[in-house]
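Hi,

Here is the structure I promised to pass on.

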Amino acid sequence: MPDPDTAILSVCTTCRAAGDVSEPRAGAKLLAALLAEAGREPVPGLTIEGAECLSVCKRPCTVAVVSPDRWTYVYGDFDALEDPDTSARTLLAGLRRYLETPDGVVPWRERPEAFRKGVVARIPPLRVPHETPGQEFRERHSAGPEPEVSEP
């Protein structure tokens, strides 16, 4: 079972701004800035890794954060061309708050502005594997016990 006080930040390394043809790509620059900043100011429990593509090409640079029993977030619009260091500091500050919560939901006013404006998706925590798809819905909306079926 994964440690609930951990999170993984996936950084899209293939992200690039429209018209930018420089190498390394902006996403790879953001990843490097995040790793450098985390080396200076570590975020306990956070693992930072590159991801081939997060498929949010219209909102570069894009990252995703996932943690056991917490909501997963996908954020976009992080500047990695002009100021990747500021983007890295903003991301790590927001992720410190994320890891302080039991469910990953940081109160709106406590989120960095880039998190408020840059959210692409919020994905519910993964349910316990022994539940069947829709089981919770069926249990809440059931009219009562299943009728017994007798064999003729």
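This is a predicted model: local features need pLDDT of at least 70, side-chain atom pairs count only at pLDDT 80 or more; totals for chains, interfaces and linings use all residues.

Let's begin with the sheet: strand 3 and strand 4 run antiparallel and are joined by 3 bridges.

Zooming out, 5 strands make up an open sheet with mixed pairing, in the order 2-1-3-4-5. Strand 2 and strand 5 (119-123) are the edges; each has a single partner strand, so one side of each has no neighbour in the sheet. On average, neighbouring strands here are turned by 15° against each other, direction ignored. Helix 1 packs on this sheet and touches strand 1, strand 2 and strand 3, with its direction at about 145° to that of strand 1.

Now the core. The largest nonpolar core has 29 residues, and those touching the most other members are Leu 9, Leu 30, Leu 34, Leu 46 and Ile 48. Strand 1 (7-12), helix 1 (26-40), strand 2 (46-51), strand 3 (63-66), strand 4 and helix 2 each give two or more residues to this core. What does Leu 34 contact, leaving aside its neighbours within four places in sequence? The list is Leu 9, Val 11, Ile 48, Ala 88, Leu 91 and Leu 92.

The whole structure has 4 aromatic pairs. In one of them, Tyr 75 and Phe 115 have ring centres 4.2 Å apart and planes at 35°, so the pair counts as tilted. This pair links distant parts of the chain, with Tyr 75 in strand 4 (residues 72-75) and Phe 115 in helix 3 (residues 113-118), 40 residues apart. Tyr 75 is buried at a relative accessible area of 6%, and Phe 115 is buried too, at 4%.

Phe 115 also pairs with Phe 78: the ring centres are 6.3 Å apart and the planes at 80°, so this one is edge-to-face. Phe 78 sits in the loop between strand 4 and helix 2 (84-100), so its pairing with Phe 115 in helix 3 ties together parts 37 residues apart in sequence. Phe 78 is buried as well, with 4% relative accessibility. Ring pairs join Tyr 73, Tyr 75, Phe 78, Tyr 98 and Phe 115 into a cluster.

Two arginines are worth a click as well. Arg 70 lies over the face of Tyr 98, 5.9 Å from the ring centre, while the charged end of Arg 122 sits over the ring of Trp 71, 3.7 Å from its centre.

Cheers

Conventions
Residues are numbered from 1 along each chain as its sequence is written. Side-chain values use heavy atoms; hydrogens and water are left out. Rings of Phe, Tyr and Trp (its six-membered ring) pair if their centres lie within 6.5 Å; planes under 30 degrees apart count as stacked, over 60 as edge-to-face and the rest as tilted. Helices (H or I, at least four residues) and strands (E, at least two) are DSSP runs, numbered from the N terminus. Buried means under 20% relative accessible area, exposed over 50%, partly exposed in between (1.4 Å probe, protein chains only). A charge sits over a ring if NZ of Lys or CZ of Arg is within 6 Å of the ring centre and within 35 degrees of the ring normal. A nonpolar core is a set of buried Ala, Val, Leu, Ile, Met, Phe, Trp, Tyr and Cys residues joined through side-chain atoms within 4.5 Å. Contact means heavy atoms within 4.5 Å. Two strands pair if DSSP finds at least two bridges between them. Axes are lines fitted to C-alpha atoms, for helices over the stretch in contact, and angles run from 0 to 180 degrees between N-to-C directions.
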